[in-house]
Amino acid sequence: MKISFQALSRHVDLQGITSAQLGDVLPMLGLEVEAVHTFGLAPLPSVVVGEIVSFEKHPKADRLSVCQVNVGEATLRQIVCGAKNFKAGDRVPVALPGTVMPGGFEIKVSKLREVDSAGMMCSSEELGLGKGEDGLLILTPQQPAIGTPLNKLFGTPDTVLEISVTPNRGDCLGLRGVARDVAAALGRSLLPQKVQTPSGSVATPSAQDAVQFVRSTTPICPYYTLRTLTDVKVGPSPDWLRRDLEAAGLRPINNVVDITNWVLLETGQPLHAFDAQKVQGGIEVRTARAGETLTLLDGKTVTLDSSVCVIADAQRPLVVAGVMGGADSGVTAPTTTILLEAAWFQPGEIRRSAKRLGVSTDSSHRFARDVDPAGVELASRLATDLLVAHAGAKVVGPAVAVGKPPRAEVKITLSAGYVAGKLGTEVSDDEVTQTLRRLGFTVQAVAGGLEVIVPSFRSDVLRPIDLVEEFIRIHGTDKVPVGRPRAPLPGEEDATSAIFIREVSQRLVGAGFTECFHYSLRTTAELERTLGTVGAAALALENPLTADQTHIRASLVPGLAGALAANVSVHADPRGLFEVGTVFRPQADGTVKEFLAIAVAQLASPITRSWQTRPDFDSLQAKRLLQDIAGLAGVAEHRLSYATLEGGLWQTSHAATMQDRGRVAEGAFGTLSLRWTRELGLKGAVVAAEILLPRSAFKDARKMARFEAFSSFPPSTKDVAVIVPQTVSAGEVETRVRQAATKAAGKEFGLEAVICFDVFKGPGLPPETKSLAFEIHWRHASRTLTDEETNQALNAVITALEKGAGWTVRR
Amino acid sequence: MQQQLAQLVATARQESASVTTRAELEAFKARVVGPHGSLTQVMKGMATLSKEDRPVVGKLINEAKKAVEEILAALLQKVEDAEIASALSAPLDPTLPSPDAPAGNLHPLSRTRERILNSFRKLGFTVAEGPEVETEWYCFDALNTPGDHPARDMQDTLYLPKTFRSADAPRRQEEAMLLRTHTSSVQVRTMLSRRPPFRIVAPGRCFRRDAVDATHSANFHQVEGLWIDRGVTLADLRGVLDFFVKETFGADAEIRLRPSFFPFTEPSFEMDLRSPNLGRLSNRWLEIMGCGLVDPKVLELCGLDPQEWSGLAFGLGLERIAMLVHGIDDIRHFYQNDVRFLRQFA
């Protein structure tokens with residue numbers, strides 16, 4: 001809302017207060033100042049009225065004129081000018097050299113295309129008066145004396161502060177409400193509002209009224225008033241009124257409309273004026289009938305239904321109640337009799353109507369935030385005064401009022417010391433009383449505390465805590481002391497997932513990966529690549545804003561692959577990238593589950609050359625990272641199993657899934673689909689890995705590890721090489737070896753490790769087979785193992801592999 | 001005898017010069033001190049000597065033996081040095097670059113988050129988390145923002161279809177599912193699941209239906225704070241925020257609480273920050289976060305008795321803080337992941 005300093009001064013004495021000081025006061029009352037403008041002509045003492053005595057075309061520039069200008073000096077000034085809208089003898093504003101224009105530009109004696117110019121003739125815009133006609137501001141009609149400082153022709157400039165009003169403060173959508181807060185903050189009194197039109201109303205129209213009936217048949221409008229004014233002469237508004245509207249950013253239309261708007265700005269109460277001739281029979285406030293149509297002021301025709309409340313005559317709806325007037329019942333030049341409406345509507349209903357019609361007007365904005373029911377009549381009387389004074393209107397009698405101003409009196413009991421207790425500092429009940437009274441609250445000391453009656457314009461204040469806010473706003477938040485922190489509570493620890501995120505991030509940073517953050521909202525194409533069409537559909541947004549942000553993400557890998565490509569394209573070596581974040585996956589039971597995902601991606605071979613090369617980043621390095629991350633999340637390595645995977649983001653048979661037996665963690669690693677990464681612009685292969693952990697993985701606080709004793713005797717190691725068909729996975733063979741080696745050790749000693757140290761395919765082996773060699777470590781807890789024991793154990797392993805699994809052991 | 005020994009030592013010394021490998025060393029050793037070695041032969045001759053001569057000759061032999069041992073020790077040193085030298089590659093040039101990639105680094109938003117969480121941890125606030133897909137009840141209703149409340153106008157929300165069912169945030173009734181617009185929903189979940197007193201901070205990703213530009217992002221991050229206890233006051237709020245700001249922006253940063261409105265706090269404030277160390281944003285009030293005392297209605301909705309319990313809450317934007325701390329002028333940098341940006345904050 002735009003607050004004119006001059007208009008505000010009518011409501012509160014601002015003597016000695018600058019607009020800059022006001023700009024500091026308002027935010028601390030909860031009225032944020034978003035912008036400050038000068039309205040009118042800023043003080044420009046060296047801009048004077050000049051007369052263009054003569055002019056000729058500039059010898060070197062077609063678009064410029066060289067003018068001889070009389071500014072009341074002994075000699076004429078030569079000024080070069082680019083405007084075209086003047087003739088000899090015109091009077092115009094002239095900025096003399098040394099003037100700093102409102103835009104900050106300083107006028108100097110200069111040469112324009114080699115011709116001397118000693119000043120500048122000004123346009124409306126250059127003077128900061130807003131966009132006027134093209135070219136110079138022509139002052140000729142007013143015939144101001146040559147040499148008169150321009151400021152003498154224009155009034156004192158005003159300052160307009162644009163404030164944002166929070167939804168709870170409907171009362172501050174009128175100047176009066178803002179003034180009340182300012183007065184309270186400055187400790188000054190609110191100036192009285194003068195009204196001539198008497199108070200009072202009648203329940204039914206009299207013969208003089210221009211309507212036969214006024215009624216409200218809907219609870220949306222519990223209070224409706226209508227006043228007939230005759231002999232209205234529609235015409236322009238007086239200058240002061242136009243000025244006030246323009247300062248507030250409204251366009252003057254005619255005196256009747258301007259007066260209703262002016263009263264709205266003053267009080268926050270929207271009013272509406274009907275042309276009585278266009279109203280048939282009377283006025284009824286009712287819910288609209290399904291299918292009724294109404295052409296609104298903005299020219300749009302809307303089809304109504306029972307969700308909208310209208311002001312109708314005997315025939316048809318005229319106005320969407322509280323939102324917008326109709327195109328054909330408003331005041332126009334020939335109007336002579338008007339019906340002035342002032343009413344109160346249920347805020348929630350007006351908000352719904354406005355939303356339903358997709359409009360927000362000055363009126364609906366205020367009704368939706370609750371206007372003061374007790375201010376309805378006052379607004380009508382203020383407008384009547386002005387219509388009488390400035391539109392020649394005659395009052396035929398009291399207003400017709402149906403219903404009563406709603407709202408019961410709100411009385412709040414503040415127990416002694418309540419406010420102080422919430423602030424955490426000493427304030428006396430007397431201070432509280434004085435402060436609340438300044439805001440219009442009625443406060444009385446009662447046994448055990450204070451009794452506060454809330455004024456009708458503050459529907460947001462209902463509870464003791466609301467009064468604490470009122471008090472501190474005016475008392476000043478700077479008086480709240482800086483409390484000394486209390487000691488922490490024992491036994492509190494971060495969520496396990498938060499600790500995990502910290503650890504896993506540090507681990508990956510240590511491994512050379514740089515962390516990325518990508519948007520959670522992704523494209524349809526990406527989701528379809530990740531999950532297929534059906535899976536993708538489960539993650540679509542209801543109301544996406546843009547075509548490239550239609551789905552919630554199912555994987556961090558596409559983001560990382562994109563980041564690799566983007567960095568490579570700008571010749572920045574991305575090295576390894578990682579991301580930690582939430583992803584979503586549709587589940588078999590039809591729900592969508594959130595997972596904490598950790599993903600890494602790296603080009604298989606780096607783009608930066610080095611004097612010494614390191615091996616490529618490969619899928620098994622990615623696997624190692626995943627195993628470590630699973631371990632950090634409490635999923636032991638031996639619980640993980642693997643299977644090759646096909647398609648999607650991954651390159652078939654060069655990538656695998658990882659899963660743990662308890663289905664706590666799932667993941668994938670390997671080479672990304674080459675077709676896809678090439679589409680992204682990456683020439684080489686990308687190796688990536690991603691692990692997904694559900695919330696349930698982090699339910700429990702982590703257990704402290706317990707110490708386990710270990711043997712101080714040396715291990716015995718034996719090698720075994722197995723020839724298996726190429727289709728058999730290394731994991732399967734290792735599991736067999738492990739089982740056999742465990743069994744062979746029996747209860748006497750233990751298996752410590754099975755390490756695959758050689759994989760061989762090629763000459764010397766039967767076709768379609770491969771050889772896998774393992775080193776087996778056994779160890780005894782309390783002595784060194786004998787050769788005999790280990791040889792026996794090895795033989796048992798060999799037998800198990802050959803007889804049990806049907807494989808050949810190399811001898 | 002003396003002469004013979006001197007000759008023996010001299011010969012050994014002479015021959016030792018040509019020994020370079022361990023095999024040659026072993027052969028040489030055998031020639032001198034082996035069972036048939038020259039010195040061994042002499043020592044065997046001791047037995048034939050008279051009682052009187054023995055001490056004199058013994059002394060001579062010992063001296064010769066010592067000399068030979070010294071020769072052998074020196075030889076061993078020389079041979080080992082040669083072996084080690086051959087086991088090494090070319091000498092180190094310490095100025096050559098390591099071919100390995102350096103350590104990575106955290107994203108500036110993660111670093112900022114961890115710094116902030118660390119500050120609050122010192123005040124006893126521990127991290128709590130909640131789902132990113134929420135139901136309207138947790139995001140709005142429980143926070144005293146019913147359907148027709150004008151405050152819902154303040155946030156343009158991304159919704160999920162009616163058919164969407166979240167495994168992590170089941171509906172309470174038939175309310176709509178959405179992407180949370182603030183981390184304040186974690187306040188609700190915490191109050192419903194834990195017994196006060198507690199102090200939590202909830203970092204997390206939030207969503208608005210905003211077009212992306214230099215200051216807007218469809219997703220962004222907040223850190224939410226909630227302290228529920230008996231007798232929590234505005235002085236506590238100011239104390240907590242003052243501590244946080246001085247931790248993050250230095251001891252000469254100041255704060256002010258500017259009255260504002262949020263449905264879930266009463267009284268509500270915007271906290272403004274002013275610091276002399278923020279480049280071109282120095283020495284002016286900057287809006288940093290919303291805060292206030294938890295509205296009694298919210299306590300009630302979350303099953304806490306407002307007569308007994310009170311609380312303070314605050315929510316700050318991670319991007320905003322990171323931009324101020326590091327002088328970053330465009331929020332999109334955080335999501336473009338150009339490593340030339342990411343590596344500036346290591």
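## A salt bridge between two domains of chain A

In this predicted model, the side chains of A:Asp181 and A:Arg473 meet in a salt bridge, with N and O 2.5 Å apart. This pair belongs to a contact between two parts of one chain: the count between domain 1 and domain 4 of chain A is two salt bridges. Three residue pairs in polar contact are also found across that interface, both residues of each pair having pLDDT 80 or more. By class, the side of domain 1 of chain A that touches domain 4 of chain A has four nonpolar residues, one polar residue and four charged residues.

Nine residues of domain 1 of chain A are in contact with nine residues of domain 4 of chain A. Together the two domains bury about 880 Å², of which 49% is on carbon and sulfur atoms. Within domain 1 of chain A, the residues that lose the most area to domain 4 of chain A are A:Asn168, A:Arg180 and A:Ala184, which together account for 49% of what that side buries. The C-alpha centres of these two domains of chain A, domain 1 and domain 4, lie 23 Å apart.

## Domains of the two chains

The domain assignment divides chain A into domain 1 (2-40 + 158-186), domain 2 (47-153), domain 3 (201-403), domain 4 (411-479), domain 5 (496-698) and domain 6 (716-810).

For chain B, the assignment gives domain 1 (2-87) and domain 2 (108-345). The C-alpha centres of domain 1 and domain 2 of chain B lie 86 Å apart.

## The interface of chain A and chain B

The size of an interface is often given as the accessible area lost when the parts come together. Chain A and chain B bury about 7,800 Å² between them, with 55% of that area on carbon and sulfur atoms. A:Arg486, A:Phe517 and A:Tyr519 supply 11% of the area that chain A buries against chain B, more than any other three residues. The contact takes 90 residues from chain A and 98 residues from chain B.

Polar and charged pairs also cross this interface. The rule finds eight salt bridges between chain A and chain B, and 47 residue pairs are in polar contact, both residues at pLDDT 80 or more. On the side of chain A that touches chain B, the elements that give two or more residues include helix H12 (464-475), helix H15 (557-569), strand S30 (576-586) and strand S31 (592-603) of chain A. Helix H13 of chain A gives the most to that side, with seven residues. The residues of this side of chain A divide into 40 nonpolar, 23 polar and 27 charged.

A:Glu492 forms a salt bridge with B:Arg194, and here the closest N and O atoms are 2.4 Å apart. This pair crosses between chains, from the loop between H12 and H13 of chain A, where A:Glu492 lies, to the loop between H7 and S5 of chain B, which holds B:Arg194. Over all chains, the count comes to 65 salt bridges.

## A sheet in chain A

Five strands of chain A form an open sheet in the order S12-S15-S18-S19-S20, with mixed pairing. Its edge strands are strand S12 (213-216) and strand S20 (324-325) of chain A, each of which pairs on one side only.

Strand S15 (residues 282-287) and strand S18 (residues 309-312) of chain A run antiparallel and are joined by four bridges. A:Arg286 has A:Val310, in S18 of chain A, as its bridge partner.

## Backbone features

Most residues other than glycine have a negative phi, and most peptide bonds are trans. A:His571 has a phi near 60°, a positive value in a residue other than glycine. The place of A:His571 is in the loop between H15 and S30 of chain A.

The bond from B:Pro196 to B:Pro197 is cis, with omega near 5°, and B:Pro197 is found in the loop between helix H7 (184-193) and strand S5 (198-207) of chain B. The bond from B:Glu266 to B:Pro267 is likewise cis, with omega near -5°, and B:Pro267 lies in strand S8 (residues 265-274) of chain B.

Technical notes:
Residues numbered from 1 in each chain as written. Chains lettered and ligands numbered in written order. Predicted model: local features only at pLDDT ≥ 70, side-chain atom pairs only at ≥ 80, totals over all residues. Heavy atoms only, no water. Contact = heavy atoms within 4.5 Å. Buried area = accessible area lost by both parts, 1.4 Å probe. Salt bridge = Lys/Arg side-chain N within 4 Å of Asp/Glu carboxyl O. Polar contact = N/O pair within 3.5 Å; in protein donor to acceptor, adjacent residues only side chain to side chain. Nonpolar A, V, L, I, M, F, W, Y, C, P; charged D, E, K, R; others polar. Domains from an automatic or database assignment. Pairing = 2+ DSSP bridges.
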